[in-house]
Amino acid sequence: MENKDNYLETSKAERSVWLMKCPGLVSRSLKAPQLSSSSSSSSASSSQAVAKVILSIDPRVSSDDNDSSSPQFTMELVGTETGDVPKRYSMDMTKDFVPMSVFSETSQGKLAVEGKILNKFDMRPHDENIENYGKLCRERTNKSMNKSRQIQVIDNDNGTHMRPMPGMIIAAVFNEKKKAPAKTSDTKRTRRDRGEMEDIMFKLFERQSNWTLRQLIQETDQPEQFLKDILKDLCIYNNKGTNQGTYELKPEYKKATDGTNP
């Protein structure tokens, strides 16, 4: 007899689902209520709203006139755990994407199709919040760049641990020669947190408006593919012109970083 747990549940395969790409700040705010409500009953936590989506349509504009008559989507965070995070975001909708479906897996290993992607949304801070969002990003960048240093007092102050013992110098030279060829590319680089890395990128683009990929790798010491993924979301690549081969911030993020210029 076959185990039914190995089957893929498809009862919700035709359900329409939205795919939304949101900033790390928003993603953490949406997860916060779920974590804080873990001790409450399942019925109470399932009914708790974390955000609401507002659909705006202008009936005065004909759909044949221009694209401004298309529905406008706005998301507002309603949770109390958002702190200083801006509450209001614009959602740019597109239907031009490869057909996709959403899958889920339980802790018991059961697989299910939760639906198919109907619309894809890219979130960005609403115009009224763009300055606050930029300020918040800069504050988080400055905080991440200031690394705290600690001084540790050594109990044994007679210098025993600092005095080289016989054979230590030879061993150290041998190890240096042995480690020299291991100077490779991305294998030694450790990824930072995505939100922290975005803040650092904003800080760099405040310093200068255009960067090449190689310059950013040297500045951040991050893996090349990881940087490319972040640049794809935050920047525009210049294929021609005086800044050919460089990246610059998208217009909506330039508004935020320009707020610091005198």
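Colleague: How do the residues lining the second largest pocket divide by class?

Modeller: Ala, Val, Leu, Ile, Met, Phe, Trp, Tyr, Cys and Pro count as nonpolar, Asp, Glu, Lys and Arg as charged, and the others, including Gly, as polar. Here the lining has four nonpolar, three polar and two charged residues: Ser 70, Pro 71, Gln 72, Phe 73, Ser 90, Met 91, Asp 92, Met 93 and Arg 124. The model is predicted, so local features need pLDDT of at least 70 and side-chain atom pairs 80 or more, while totals for chains, interfaces and linings use all residues. Numbering runs from 1 along each chain as its sequence is written, and side-chain values use heavy atoms, without hydrogens and water.

Colleague: What volume does the second largest pocket have, and which strand gives the most to its lining?

Modeller: A pocket is an open set of 1 Å grid points over the protein atoms alone where a 1.4 Å probe fits, with protein on both sides within 12 Å along at least five of seven lines; lining residues have an atom within 4 Å of a point. The volume, the space filled by probe spheres set on the points, is about 160 Å³ here. Strand S5 (88-94) gives the most, four residues; S4 (72-77) also supplies at least two. Strands are DSSP runs of E, at least two residues, and helices of H or I, at least four.

Colleague: Which residues lie nearest the centre of the largest pocket?

Modeller: Lys 21, Asp 122, Met 123, Asp 233 and Tyr 253, among 19 lining residues. This pocket has a volume of about 430 Å³, and its lining has seven nonpolar, one polar and eleven charged residues. S7 gives the most, with four residues.
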